[in-house]
Amino acid sequence: MHTTIIDGAAVARDVLESLTLEVAAFRERTGRQPGLATVLVGEDPASEVYVRNKRRSAERLGIADHHRHLPADTTQARLLEVIDELASDDAVSGILAQLPLPGGLDATTVIDRIPWYKDVDGLTTTSAGLLARARPGLRPCTPSGVITLLDSAGVEIAGREVVVVGRSELVGRPLAQLLLQRDATVTTVHSRTRNAREVTLRAEILVVAAGIPHLIGRDDTRAGATVIDVGIHRSAEGLIGDVRFEELLGHASHMTPVPGGVGPMTIAALMRNTLQAAMLGEAIA
Ligand code: NAD
């Protein structure tokens, strides 16, 4: 069987290109510029790289940069104050608190302080509720990026047997909801699942977000399945995923690589959310 590699970098480029035009059209129509506030606390090197990439991408699209960098010893009260300032600032369309936060800060409280219409990461309790109820709202970036990748590859979702490995609030759980909204028959596999292989072998579409390097191989997947690898791990061989990519060549029908699969789409989905938040801001004003 020929395996089609889904080129996430190319799909993300296309999405960003059309977003550039949409941002320009928004600015012309409203006379306002969408703005993104990334909030970084402390000096975690990986977080610094992620935030830099998000800001760079926003800048390329014509989205204003309202970045805030706070010291590692910032108190919870001060951080909430900053979120409140950004929440009441009309120039800020979207707010993103980069996780993880330094010890002593409570991420759930901080995230939930972001108003739902500025929640570009889609991680507040309100956004999760809107998603669970299938009501319009801002969706988490990595899961919505996965849906975009499936659509771009022409992979049918409705009515298909889909298995999501992982149930985190960031990826697995919201992704299962999004797939359900697209009429898939969804099963979630997690760390307490018995006979996980029996379940993954049923999947016509298998999305792996367990955070365990090379967890899934040929024996875990049905021939002809579409396999989306969300995992990212640094290793001696460079970046690797949760899937043993080489084993699935000639076995899967479609597959995402790591790097160059889900990763680039996540940032494109964040940019899409920022424009959507700017539109919500206009509608609410
Ligand atoms: P997490 O650690 O929060 O969650 C992992 C989930 O996998 C848990 O729900 C757990 O129950 C489940 N799990 C653990 N072991 C399992 C097993 N043996 N079998 C089945 N399920 C198991 O991780 P996360 O934040 O959801 O991220 C998952 C992976 O995706 C990580 O490698 C992370 O780096 C990566 N990630 C990538 C992007 C991206 O943009 N590409 C974004 C977010 C996360």
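Which helix gives the most to the lining of the second largest pocket, and with how many residues?

Reply: The model is predicted. In it, α5 makes the largest contribution to the lining of the second largest pocket, supplying five residues. Helix α5 spans 125-132, and it is one of the elements that each supply at least two lining residues, together with α4 (107-112) and α7 (172-181). The lining comprises 19 residues in total. Nearest the centre of the pocket are L123, T124, A128, E169 and L170. By class, the lining divides into 10 nonpolar, six polar and three charged residues. The space in this pocket amounts to about 410 Å³.

As for its place in the fold, the pocket lies between domain 1 (31-116) and domain 2 (141-262), because both of these domains give residues to its lining.

A shell of 21 residues surrounds the ligand, and the closest of them are T142, R167, S168, V230 and T266. Helix α10 (residues 262-284) provides the largest share of that shell, with three residues. Sorted by class, the shell holds 10 nonpolar and 10 polar residues, plus one charged residue.

In the side chain of S168, an N or O atom is 2.5 Å from a ligand oxygen. For I232, a polar backbone atom is 3.2 Å from an oxygen atom of the ligand. At A210, a backbone N or O atom lies 3.5 Å from a ligand oxygen. Taken alone, the ligand exposes 850 Å², of which the protein buries 71%.

The largest cavity has a volume of about 30 Å³, and its lining consists of L36, T38, R55, A58, A64 and D65. Two or more of the lining residues come from each of β2 (35-41), α2 (45-61) and β3 (64-65). Three residues of this lining are nonpolar, one is polar and two are charged.

Methods. Residues numbered from 1 in each chain as written. Predicted model: local features only at pLDDT ≥ 70, side-chain atom pairs only at ≥ 80, totals over all residues. Heavy atoms only, no water. Near = heavy atom within 4 Å. Polar contact = N/O pair within 3.5 Å; in protein donor to acceptor, adjacent residues only side chain to side chain. Areas by Shrake-Rupley, 256 points an atom, 1.4 Å probe, with all protein chains shown as cover. Helix = DSSP H or I, 4+ residues; strand = E, 2+ residues; numbered from the N terminus. Nonpolar A, V, L, I, M, F, W, Y, C, P; charged D, E, K, R; others polar. 1 Å grid on protein atoms, 1.4 Å probe; cavity = no way out; pocket = protein on both sides within 12 Å on 5 of 7 lines; lining within 4 Å. Points joined across faces, edges and corners; volume = space filled by probe spheres on them. Domains from an automatic or database assignment.
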